Amino acid sequence: MKYNPEQELTDEQMKELSEDAFFEYLDSKSAYLKEQSVPLDQYHVKKFASVTMGGNLSTKQLKRAKEIGREGEMVRND
């Protein structure tokens with residue numbers, strides 16, 4: 001069963017699927033969502049990290065957030 005974003009299955013419909021059909025549905029939904037997502041830039045990664053850590057963001061964590069943001073910007077620019 002393939003995922004259709006315009007007609008998602010309800011919880012009841014998913015419960016009625018066989019195990020193989022259920023996992024096929026989840027795999028196709030995951031593939032669709034990966035196509036629709038965009039990596040975050042440095043600003044948003046740092047903002048998310050600071051909100052998550054509540055002001056207790058270490059220098060090491062901030063540097064890692066910047067690295068992740070740079071990678072996201074490179075992917076966006078390609």
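Student: Why is Glu8 called partly exposed?

Tutor: In this predicted model, Glu8 has a relative accessibility of 43%. Buried means under 20% and exposed means over 50%, with partly exposed in between. The value of 43% falls in between, so Glu8 counts as partly exposed.

Student: What makes the pair of Glu8 and Lys29 a salt bridge?

Tutor: The closest N and O atoms of Glu8 and Lys29 are 3.4 Å apart. The cut-off is a Lys or Arg side-chain nitrogen within 4 Å of a carboxyl oxygen of Asp or Glu. A distance of 3.4 Å meets that limit, so the pair is a salt bridge.

Student: Which parts does this pair tie together?

Tutor: Glu8 lies in the segment before α1 (11-16), and Lys29 lies in helix α2, so the pair ties together parts that are 21 residues apart in sequence. Lys29 is partly exposed, because its relative accessibility is 24%.

Student: How many salt bridges does the structure hold?

Tutor: There are four. One of them joins the side chains of Glu12 and Lys15 at 3.9 Å, N to O. With a limit of 4 Å, the value of 3.9 Å qualifies, so this pair counts too. Both residues lie in helix α1, three residues apart, about one turn of the helix.

Student: How do you know that Lys15 is exposed?

Tutor: Its relative accessibility is 64%. Exposed means over 50%, so Lys15 counts as exposed.

Student: What makes Arg64 and Glu67 a salt bridge?

Tutor: Their side chains meet at 3.2 Å, N to O, and the limit is 4 Å. The two residues are separated by about one helical turn, because they are three residues apart in helix α4 (residues 59-77). Arg64 is partly exposed at 42%, and Glu67 is partly exposed at 37%.

Student: Why is Asp41 called buried?

Tutor: Asp41 has a relative accessible area of 16%. Buried means under 20%, so Asp41 is buried. Asp41 lies in the loop between α2 and α3 (42-53).

Student: What joins the side chains of Asp41 and His44?

Tutor: A polar contact of 2.6 Å joins them.

Student: Is Asp20 buried or exposed?

Tutor: Asp20, found in helix α2 (residues 19-36), has a relative accessible area of 64%. Exposed means over 50%, so Asp20 is exposed. Asp20 also belongs to a patch of negative charge on the surface, where it gathers with Glu19, Glu24 and Asp27.

Notes
Residues numbered from 1 in each chain as written. Predicted model: local features only at pLDDT ≥ 70, side-chain atom pairs only at ≥ 80, totals over all residues. Heavy atoms only, no water. Patch = residues over 30% accessible without salt bridge, like charges linked within 9 Å, V, L, I, M, F, W, Y side chains within 5 Å. Areas by Shrake-Rupley, 256 points an atom, 1.4 Å probe, with all protein chains shown as cover. Lys, Arg positive; Asp, Glu negative; His and termini not counted. Charge placed at Lys NZ, Arg CZ, Asp CG, Glu CD. Helix = DSSP H or I, 4+ residues; strand = E, 2+ residues; numbered from the N terminus. Buried < 20%, exposed > 50% of the residue type's maximum accessible area, 1.4 Å probe, protein only. Polar contact = N/O pair within 3.5 Å; in protein donor to acceptor, adjacent residues only side chain to side chain.
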